[in-house]
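Biologist: I would like to learn how to read a model like this one. Could you walk me through confidence and helix packing?

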Amino acid sequence: MAYQLAEFPVLTTLLLCCGIGLMAILLIPAEKTRPIKIVSAVFSGLTLAISIYLYAAYDRQLGGFQFVEHVDWIPSLGIAYHNGVDGFALPMLLLTGIVFFTAVLTMWELELRVKEFFALIFLLVAGVFGMFMALDLFFIFVWFDVSLFPMYLLIAIWGSTRKEYGAMKLTLYLLAGSALILPAIVYLVAHSGSMTFDLITLMQGQRFTPGQQRLAFLLLYIGFGILAAVFPFHTWSPVGHVAAPTAVSMIHAGVLMKIGAFGILRVGIFLCPEGWHYWAPLMATLAVCGIVYGVFVGLSQTDLKYVIGYSSVSHMGIVGLGLSTVTVDGVNGAVFQMFAHGIMTALFFSSVGYVYDRTHTKTIADLGGLGRIMPRAASFFIIAALAGIGVPCLASFWGELVVFIACVRTYPVAGVLAIAALAVGALFMLRVVQKTCYGPPVEKFANLPDVSLTMAVPRVILVSVIVLFGLFPGLLFDMIHTATIQLLAG
Amino acid sequence: MLPLIAFGVIMVATRSRHQLSAGIAIGAAGGSLLAAIFLLAWHWHMDQSLVFQTVWMASGRMAVPIGILLDPLSLLMFTVVATISFLVQIYSLGYMAGDPGFGRYYGCLSLFAWAMLSLTLSSSLVQLYIFWELVGLASYLLIGFWFEKFSASEAGKKAFVMTRTGDVAFLLGLVLLWLQLGTLDIPVLTDPAAVGARLSPGMITLGGLLIFGGIIGKSAQFPLLTWLPDAMEGPTPVSALLHSATMVAAGVYLFARLFGFFSLSPTTMGVCLAIGTISMLMASTMAMVARDIKQVWAFSTISQLGFMLMGLGGGSLFAGVFHLTTHAGFKALLFLCAGVLIHHFGTNDMFSIGRRGGRRLKTVMVCLIVGAGALSGLPPLSGFFSKELILGSLLDTGHPIAFLAGLIGAFLTTYYSFRLIFIILFPRKDEAEPAADHPAANAGEFGERAMLGVLGVLASVTVVLGFVEAPLHRFLFQTLATHAPEAGFHEWLPMLAGGLALIAICQAWFEFGRKKAPQIGWVERFPALADLFAQRWYLDRFYRLFLDRFIYGTVSRLFTANDRKVIDGALDTLGLSTIGLGRIMQRLHAAMIQYRLMAMFAAVVGLVIFIGWGG
């Protein structure tokens with residue numbers, strides 16, 4: 001496997017952008033909200049620029065881990081500051097950059113405790129970036145926790161609708177997840193025969209016995225799976241989404257849920273391929289349950305954000321299904337779907353957030369005629385819904401297609417069920433679109449302003465990304481593929 | 001590709017500037033039409049089909065190619081689609097004048113045209129599926145165009161979901177074939193030798209049936225036919241486009257495209273024949289009692305599509321394709337005529353149109369009669385030739401029942417078309433005039449002229465098209481190997497069909513046309529039967545009930561209850577009670593960080609101890 005050291009520590013720079021941004025925000029007095037927002041936008045824009053650079057500069061011929069940085073930290077415990085990216089991590093970094101930047105722009109109109117809000121967001125995203133690039137189990141775990149803990153405050157302070165309950169529930173669930181992950185990591189390290197937390201060394205060192213792999217994989221799968229909203233550990237996610245403020249929902253659904261799936265992939269599958277094979281049927285079953293279950297429960301929701309929350313459960317089921325096939329195509333499709341879903345839900349939540357900010361309601365029955373009142377906002381919402389249905393030429397279509405094909409090959413029954421859920425999925429998305437965007441305008445909202453040009457910027461970025469990767473899926477698939485073949489060949 | 005660019009430009013930039021948007025869209029459609037005619041002329045004597053292909057997306061063993069397949073079938077369809085969409089766009093200048101969503105309308109029309117044009121040229125089944133979905137998307141947007149009306153948005157949703165249901169089967173069939181064959185290139189799929197060598201007969205049947213499921217949804221065949229009448233909620237030009245050359249025709253086109261594949265499995269062909277027959281008869285009966293002028297044409301579309309599928313299922317490729325072509329012409333004509341009437345009188349009810357003097361619009365009435373005549377298969381109009389061909393081929397290939405059904409269908413078709421015409425031409429004066437549904441719009445002189453001009457063109461096409469049967473036949477079969485015996489000519493067949501049509505006209509005249517006619521059809525004398533037909537054989541009710549009771553009422557509710565109570569409840573209780581944090585947690589809201597740090601600290605201590613032991 002290729003393993004290329006970085007000449008310049010780009011990855012650390014990326015992290016430093018978050019760190020410096022955080023510092024800068026903390027230094028600015030809390031009353032000066034405008035400079036805070038500008039600083040946030042600049043630094044989040046910088047992270048986006050760096051992740052685009054990384055994506056473009058990665059050598060696809062070579063594959064493997066590139067831009068690697070390695071500094072020993074606690075040699076006696078084998079813990080090192082070790083970063084590197086491959087074809088799995090890069091799309092995730094890009095996703096994080098895009099969602100981060102757009103989320104910051106979406107919150108441009110925030111008034112309440114601006115300083116604290118952006119500071120926490122920066123901390124959260126730093127954890128996410130770190131998690132995606134870390135190659136050391138200890139750091140993976142630390143970053144994982146760093147990205148979780150600001151969530152509680154973000155939801156509890158800036159949220160709405162039963163925010164304390166949502167925040168508490170989310171935190172407890174995720175805490176339970178990390179309570180499973182830590183023992184698994186420790187267990188693996190303890191049985192590795194050498195004292196190291198290093199992912200690469202563990203992979204290349206002696207293999208764990210099948211029994212060890214099965215145990216560790218199961219723990220990791222459930223632990224990370226809670227974050228990826230794997231059925232039946234998904235109930236925290238809709239509740240959390242509903243309670244969270246817009247930008248947090250965007251980052252949460254767009255990126256945090258991907259951390260879960262990425263964790264399964266990076267730690268679980270990389271270290272315990274045997275366990276992966278062993279538990280694959282279980283994964284497929286749970287994934288299909290999630291897909292079918294998500295669309296049906298989504299059908300009967302009355303709150304806009306609950307609907308999107310359950311659609312996320314369903315879409316993340318597709319990711320799980322792809323991973324469970326243990327094939328090149330399945331993994332490719334799963335990672336693609338992670339990316340596509342991230343962008344799509346970010347767009348979803350940002351549209352809903354806009355509507356909520358103006359109308360102060362998320363109850364579907366109270367809304368109507370948005371297409372007339374705020375045509376731009378409605379257009380963004382409809383595009384997101386169409387992407388959710390999996391309309392071709394929008395990004396998520398490709399992820400779904402590839403996963404389904406891989407799945408029918410491996411698990412025919414599961415594949416058929418998942419494809420059949422498509423029709424129900426269409427029904428459930430279009431029902432929401434119809435109830436909110438179509439119909440005669442609701443009178444009390446009739447004079448609300450449409451999305452202004454500045455507020456449209458983040459949404460336009462998201463839409464362009466969806467369309468770009470919908471028209472040219474190869475841009476992403478080629479990248480993912482470099483990592484997948486090495487994973488399955490090794 | 002031109003219309004796609006037009007779509008992008010209009011949606012992003014010029015949505016608010018109406019004239020400019022229309023200009024761009026029509027320009028793009030005109031460009032496509034020119035390209036189509038050029039290609040058609042260029043390849044008139046082509047001896048083999050041309051394929052240009054490149055890889056769109058590759059992932060492991062899968063590769064999605066994108067390409068263009070030029071052969072007579074795709075060229076013919078391409079030309080038909082380009083022509084109809086061009087004409088419809090011009091027509092819309094008048095029809096949609098003054099609508100606040102004018103720009104959006106042209107944007108969607110362009111998307112529609114692009115998707116359908118690309119569909120016809122697709123070189124592989126995956127690509128076809130992609131555009132198939134896009135066609136569905138565009139029709140969703142257009143049917144629900146007047147989205148403030150509940151019925152319109154409902155109809156759009158219904159159309160999308162129902163066709164999507166069919167597409168589930170299509171996608172499954174596609175995946176199945178992909179896994180079995182390793183490729184979905186249309187030339188390979190239609191090559192009997194290649195398919196036969198790699199697939200078992202059972203597989204072929206299964207794949208064929210699944211793909212046929214998609215066709216049922218798209219072409220609104222039984223049992224997924226109820227979305228089409230509802231789709232009348234869209235603007236009338238859209239209905240014309242939808243019914244003649246694009247959306248529903250896509251299904252029949254797919255069948256024709258894969259004719260070589262379908263014909264390998266007798267079961268599939270049989271099912272196709274049966275479904276076609278059932279839909280045709282069912283829809284004709286529905287049309288007999290409809291009052292809404294557009295509804296009548298909608299039912300007639302279903303029945304004519306069924307007729308095409310009968311022709312194809314009966315084993316004659318040319319008969320089906322030829323009827324598809326002629327039907328595209330005259331159905332567009334009929335809808336656009338109806339559009340003028342509706343536009344002019346502000347109502348969809350044909351009785352009301354008649355009373356307000358529909359007969360005074362001379363040009364429109366002539367066109368309407370020409371169209372209805374073609375629909376009924378009267379000589380020398382285009383429908384006559386294609387209908388005879390289908391009936392003849394059914395007889396030849398030994399499907400007497402289907403042949404009989406075809407005759408009955410033809411009879412019913414003539415009956416309801418002329419019922420409509422007589423109702424408009426000879427209204428009963430003694431009924432009170434209801435108020436107009438919506439105020440009659442005024443399109444302005446230019447708009448009127450555009451609309452009438454298009455009608456004229458389509459009417460003349462309808463008259464002429466029948467006579468190009470022979471050259472078209474030659475053109476189509478230059479490269480396609482014929483799988484089916486071609487229909488023989490039966491001296492007595494035109495006589496029989498013509499006679500039947502005459503009887504039907506007479507009956508319609510007797511009931512609706514003559515002076516003091518009761519204007520009550522024979523069907524309406526049997527209330528039960530009329531009710532059955534008017535309720536669309538209760539299919540709609542059934543779906544509604546199914547959705548309400550089963551999907552929303554049972555599955556969805558149970559799952560939700562399960563989610564709230566069982567899963568969530570259990571995990572909540574489990575979490576809180578076992579750890580014994582129930583009450584403490586509430587007090588710890590604000591102290592959450594400490595708790596968290598404590599947990600992390602404990603974890604780290606545990607880690608160190610554990611490693612200390614391990615190492």
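Predicted model: local features only at pLDDT ≥ 70, side-chain atom pairs only at ≥ 80, totals over all residues.

Biologist: What should I keep in mind where pLDDT is low?

Modeller: Where pLDDT is low, the coordinates should not be read in detail. Here, chain A has an average pLDDT of 84, and 98% of its residues score at least 70. Chain B has a mean of 70, with 60% of its residues at 70 or more.

Biologist: Where in chain B is confidence lowest, and where is it highest?

Modeller: The lowest is helix H26 (residues 582-587) of chain B, with a mean of 50, and the highest is helix H5 (residues 125-143) of chain B, at 83. Also look at residues 431-441 of chain B, where pLDDT stays under 50. Residues 479-488 of chain B stay under 50 as well.

Biologist: And the complex: what ipTM does the predictor give?

Modeller: The predictor gives an ipTM of 0.81, alongside a pTM of 0.82.

Biologist: Now helices, please. How are two packed helices described?

Modeller: By the angle between their axes and the distance between the axes. Take helix H8 (residues 210-227) and helix H11 (residues 273-299), both of chain A: the angle is about 50° and the axes are 7 Å apart. H8(A) is therefore oblique to H11(A). The crossing of H8(A) with H11(A) is right-handed.

Biologist: Which residues meet there?

Modeller: From H8(A), they include A:Phe217, A:Leu218 and A:Tyr221; from H11(A), A:Trp276, A:Trp279 and A:Met283 are among them. By class, this contact has nine nonpolar, two polar and two charged residues.

Conventions:
Residues numbered from 1 in each chain as written. Chains lettered and ligands numbered in written order. pLDDT = per-residue confidence, 0-100. Helix = DSSP H or I, 4+ residues; strand = E, 2+ residues; numbered from the N terminus. Contact = placed C-beta atoms within 7 Å. Axes fitted to C-alpha atoms, helices over the stretch in contact; angles between N-to-C directions. Parallel < 35°, antiparallel > 145°, perpendicular 65-115°, else oblique. Left-handed = near helix turned anticlockwise from the far one by under 90°. Nonpolar A, V, L, I, M, F, W, Y, C, P; charged D, E, K, R; others polar.
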